[in-house]
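Dear colleague,

I am handing over a structure to you with this email, and below it you will find what I noted while going through it. Please keep it open beside you as you read.

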Amino acid sequence: MIVVSEDVSLFDNVRAALRSDSRFTDTEEGIHRDSSVAPLTNIYPIEMTAAEWEGWEPGDSQMPDATHLSALIFESDSPAWVAEVGALVARTLQTPIWFVDAADVAWSVRSTSEYPNARPFQPESAC
């Protein structure tokens with residue numbers, strides 16, 4: 001999944017947002033979470049060129065022109081975990097973020113405060 005934002009310091013701000021959560025490890029290359037407490041997660045910055053976005057349309061997501069956005073890769077195999085991490089990050093960032101999934105669909109990410117009935121991620125063993 002690609003995370004995009006108009007925030008020129010996107011990776012630094014995502015790193016700061018997740019640093020206080022003990023489930024994450026801050027490494028030189030990115031943010032990591034092993035699968036002992038939550039799904040395996042890797043988040044790291046990438047450079048995207050305008051050519052890589054050529055012909056891509058954001059649909060109804062109201063995402064700005066992607067050629068001018070900062071980008072990260074967010075690797076995880078759990079949609080529920082991706083949603084929870086996105087909400088954690090969205091709560092602390094000053095600018096909106098979007099997730100672009102493998103099907104090239106852009107999703108606006110909102111904080112959990114906008115979803116009062118949202119529940120935190122529960123590993124399958126805890127369900």
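Which residue in β3 is the bridge partner of D26? In this model, which is predicted, the partner is I31. Strand β3 covers residues 31–33, and two bridges join β2 to β3, with the two strands running antiparallel.

That pair belongs to an open sheet of seven strands, in which the order is β2-β3-β4-β5-β1-β6-β7 and the pairing is antiparallel. At the edges stand β2 (25–26) and β7 (106–109), and each of them has a single partner strand, so one side of each is left without a neighbour in the sheet. As background, strands of a sheet pair through backbone hydrogen bonds, and they may do so either parallel or antiparallel.

Helix α3, made of residues 79–92, lies across β3, β4 (41–46), β5 (70–75), β6 (97–100) and β7, and the helix runs at about 160° to β6.

In the loop between β6 and β7 you will find D104, whose phi is near 65°, a positive value in a residue other than glycine. With a relative accessible area of 46%, D104 counts as partly exposed.

The mean pLDDT of the protein chain is 82, and 87% of its residues reach 70 or more. Over residues 112–127, however, pLDDT stays under 50, and for this stretch the model has twelve contacts beyond four places in sequence.

How values were computed
Residues are numbered from 1 along each chain as its sequence is written. This is a predicted model: local features need pLDDT of at least 70, side-chain atom pairs count only at pLDDT 80 or more; totals for chains, interfaces and linings use all residues. Side-chain values use heavy atoms; hydrogens and water are left out. Two strands pair if DSSP finds at least two bridges between them. Helices (H or I, at least four residues) and strands (E, at least two) are DSSP runs, numbered from the N terminus. Contact means heavy atoms within 4.5 Å. Axes are lines fitted to C-alpha atoms, for helices over the stretch in contact, and angles run from 0 to 180 degrees between N-to-C directions. pLDDT is the predictor's confidence in each residue, from 0 to 100. Buried means under 20% relative accessible area, exposed over 50%, partly exposed in between (1.4 Å probe, protein chains only).
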